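Student: I would like to go through this model one item at a time. Please give the cut-offs as the terms come up.

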Amino acid sequence: MAADSEPESEVFEITDFTTASEWERFISKIEEVLNDWKLIGISSGKPLEKSVYTTGAWEEKSDEISFADFKFSITHHYLVQEPSDKDGKEELVEDALPLPMQDLLCMNNDFPPRAHCLVRWYGLREFVVIAPAANNDAVLSESKCNLLLSSISIALGSTGCQVPLFVQIHHKWRRTYVGECQGPGVRTDFEMVHLRKVPNQYTHLSGLLDIFKSKIGCPLTPLPPVSMAIRLTYVLQDWQQYFWPQQPPDIDALVGGEVGGLEFGKLPFGACEDPISELHLATTWPHLTEGIIVDNDVYSDLDPIQAPQWSVRVRKADNPQCLLGDFLTEFFKLCRRKESTDEILGRSAFEEEGKEVADITHALSKLTEPAPVPIHKLSVTNMVHSAKKKIRKHRGVDESPLNNEVLNTILLFLFPDAADKLADGFESRNSTSAGNNPPPENEDYNLFSQFKSAPSDSLTYKLALCLCMINFYHGGVKGVAHLWQEFVLEMRYRWENNYLIPGLANGPPDLRCCLLHQKLQMLNCCIERKKARDEGKRGNLSDHSPGGTSGDAGKGADHSGDNPDKEKEVGKSWESWSDSEEEFFECLSDTEDLKGNGQENGKKGGAKEGNKEPVNLKPEGRLHPHGKLTLLHPGEPLYIPITQEPAPMTEDLLEEQSEVLAKLGTSAEGAHLRARMQSACLLSDMESFKAANPGCCLEDFVRWYSPRDYIEEEVVDEKGNVVIKGELSARMKIPSNMWVEAWETAKPVPARRQKRLFDDTREAEKVLHYLAVQKPADLARHLLPCIIHAAVLKVKEEEALEDISSVKKIIKQIISHSSKVLRFPNPEDKKLEEIIAQIMSVEAIIARARSLKAKFGVEKCENEEEKEDLQRFVNCLLEQPEVSVIGAGRGPAGSIIHKLFVNAQRVSAVPPLDEELRRSGSSEERRLNTGAVSDFPPPTGREVILRTTVPRPAPYSKPLPQRMYSVLTKEDFRLAGAFSADTTFF
């Protein structure tokens, strides 16, 4: 029994042959992808229109599949076509060939200029490619190639897919594919040969026809005619006979007046080298039949002049060097520099012998120190100019980055009024500046608000252009630092001497402009206030009447922050004070105001009574009566007072103020403090109003200042008369209202005796300090929007001369992109580089247009019709990958191209002078040699497409399309064949 049970206990290993192998899984994945992409079943579509492969849109979708651990990418390439109504009917046609086989014979899209290589070789509108996923992977062995071919053959047969399926073999750079297409009872095999060295018998048409016929192996004795399409490509590289039209800039003539393209305030434009490197002429014979022409190793009928079709494409130089692009790039590099102005120019500039560094910013602190030195020698102006002398002394003329001629030219360009100053001495100059003229209301002028730069006629804009030019031609970053230092010194000089800065619009800082422009406008506001105040004081002293200017001397005089009576307290006449001392006088004015306020507080009772009934206060600071309005209680006319103007603010001050107010929080105390801080201007206006209208009340002020807060109603009185009764609005009656509090604390003080809302001395020093500490990198960041603005205007100006539609679109994109990027502070470098790259691309396109115009002689053409045709041809060359030449070699453009090739051939045939002298022989022999030169060089590329329809493999098989494409270049030979066979009758 034990022996019997032993066999039963043995375990038998069962091999399950139903388990799928890796190969089967791979085939299954291919089928799955084809199903997902809905490529199963009969493919249908309308016949292809001419040039649709170039003009139509191509799309692709990809997926990843793997054979064991080897990954492949599978990609579906297809031409996007509108579905036609005929598609359903076409499917019913019996024995119809699959669409790819019909495409093999279609002649409407031979030699497309821009398409996938398989489209060019086989003329297909749709196909699927399986290729190794990694770039360095390759299918090299023959067995693996056959395995992949078997896989796709099985997948196509199983799914009924009629779309051709290709497999990429060998290294990717070789672009070698094999594939298959299946239909009902038919199959097409796609095969390829790729060689480096060309066999001699295949360099001409007769040899290619032999290989095509032998491959078909047609059993019929009278072989059906073979249709041929031939293209020969000629390359023109030698443009010597046409000089590049861009004139190089004359740098030496920059200062002498003959500035040409390098005038300060203008950006250069154009390419420094020819932006067109090659011209490719393709001569095509689209429909030829075998036997019509002869092309063998001895003789050829393929004369390019006789070709029925010519098409041209130009090869553009890679990144041609362009002047505007170089300027922008070099200026942008400044933004990444980290050195300060002192580090660039050398710290020794400010050093005194045996003393510590004495910086200009310490000038004010020196003034406050007790010293026996006369005070005028310690003024800021003297300190600045002594520092300036030391800079020049230590650096020396030769070491200065900018020579005096260039520097003076720039300063006169930036400050044209300096020439007037030299002519008129130190008389007060006209304060009108270029910015005061009404700006032209056009789109280009208003670009500054989109770019946050500065108006194109402003000082800031001119400064940016000068710095850009200096950075490129005159000493780079050192030159920039030198000019900026001189600019800052000029700003201080103008502040000290009450000279307005030219090229800036009047009024408060324009927040639409860059911060540097706002700072300069702020300084101008300070100079304007200081100038008006100084003139007002001199006027008061000459009149010897402190209150004489209260109503009639104009608003500017009443902005003075000091009462002339206080000058008597100081005990000196006005003329004895220097400019710098006057600033100290302004600082003392605050303490004097406090003393005055203290004296008024002593008479507080009288002031309070003044709110209820008129007291004997003299009205001061009246501007003019407010219509027919009268004061409610005394009944006297209500006068509008002269008030202080609100303090101008730059965007950084506004941001700083908003941060301070935000930090006060949301508590009641914080809100109250915030309201008090914001009501400084209100309090000033109330004090001015009280001074101009003695005996007034809050209701009077509200009627002038905020009429909506004074509500009037018609009421019937006791006698039955209709009278108008008024009262304050609800918000004015809220307890602890800020308006009521301010009114109670306000004293009758005219504007000229109030503490200044805008301390121009302090603000001017802040601006000057801000300018002095700017590094060249900070400066470049501030001014880059101005440079981009100038570059866009330059590009628009140049484009207007050429009228290129594609450039117009790009310029609009640049403006749109720039306005988004530059509107915000501190834009990213990457985005700025993108804008500069776009401007450079536009410059290159315009340069190419000019180069082509010069080469095709568009401007020299006298016939208007021909001129228009040539202009259109040049524009097409810029925008399209390939342009057909109307009239081929006999048209106006064709004849010019022919001349270009003829001239290039003659130049290449003429030997260099030394060789010609050495060569023996008569002049007649040389003439014969040069006369033998052909009009065109040997073709760089030869492309041939051979097509026919023959039964394969047997005489009784169905006639099917056969096609072979051949391309021959200097180092490359490729044959791509599509050979169809009948799988039913063989």
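Student: How do the residues of the lining of the second largest pocket divide into nonpolar, polar and charged?
Tutor: The model is predicted, so local features need pLDDT of at least 70 and side-chain atom pairs count only at pLDDT 80 or more, while totals for chains, interfaces and linings use all residues. Residues are numbered from 1 along each chain as its sequence is written, and side-chain values use heavy atoms, without hydrogens and water. Ala, Val, Leu, Ile, Met, Phe, Trp, Tyr, Cys and Pro count as nonpolar, Asp, Glu, Lys and Arg as charged, and the others, Gly among them, as polar. On that sorting the lining divides into 11 nonpolar, 11 polar and four charged.

Student: Which residues lie nearest the centre of the second largest pocket?
Tutor: A pocket is an open set of points on a 1 Å grid over the protein atoms alone, with protein on both sides within 12 Å along at least five of seven lines, and lining residues have an atom within 4 Å of a point; a cavity is a set where a 1.4 Å probe fits but cannot get out. Points are joined across faces, edges and corners, and a volume is the space filled by probe spheres set on them; for this pocket that is about 660 Å³. The elements giving two or more residues to the lining include β7 (227-236) and β8 (276-289). Of the 26 lining residues, those nearest the centre are S51, D110, R231, Q309 and E882.

Student: How are α9 and α16 oriented to each other?
Tutor: Axes are lines fitted to C-alpha atoms, for helices over the stretch in contact, and angles run from 0 to 180 degrees between N-to-C directions. Under 35 degrees counts as roughly parallel, over 145 as roughly antiparallel, 65 to 115 as roughly perpendicular and the rest as oblique. α9 (residues 323-334) and α16 (residues 459-473) pack at about 95 degrees, with their axes 9 Å apart. The two helices are therefore roughly perpendicular.

Student: How do the residues of the contact of α16 with α17 divide?
Tutor: The axes of α16 and α17 cross at roughly 150 degrees and come within 8 Å, so the helices are roughly antiparallel. In the contact (heavy atoms within 4.5 Å), residues of α16 including L463 and I470 meet residues of α17 including V480 and W484. The contact residues divide into 11 nonpolar, three polar and no charged.

Student: Is the crossing of α24 and α26 left-handed or right-handed?
Tutor: α24 (residues 680-692) and α26 (residues 738-745) pack at about 50 degrees with axes 9 Å apart, and are therefore oblique. A crossing is left-handed if the near helix is turned anticlockwise from the far one by less than a right angle, and right-handed if clockwise. The crossing of α24 and α26 is right-handed.

Student: In which loop does N498 lie?
Tutor: Most residues other than glycine have a negative phi. N498 is not a glycine, yet has a positive phi of about 60 degrees. N498 lies in the loop between α17 (476-496) and α18 (515-543).

Definitions and conventions. Helix = DSSP H or I, 4+ residues; strand = E, 2+ residues; numbered from the N terminus.
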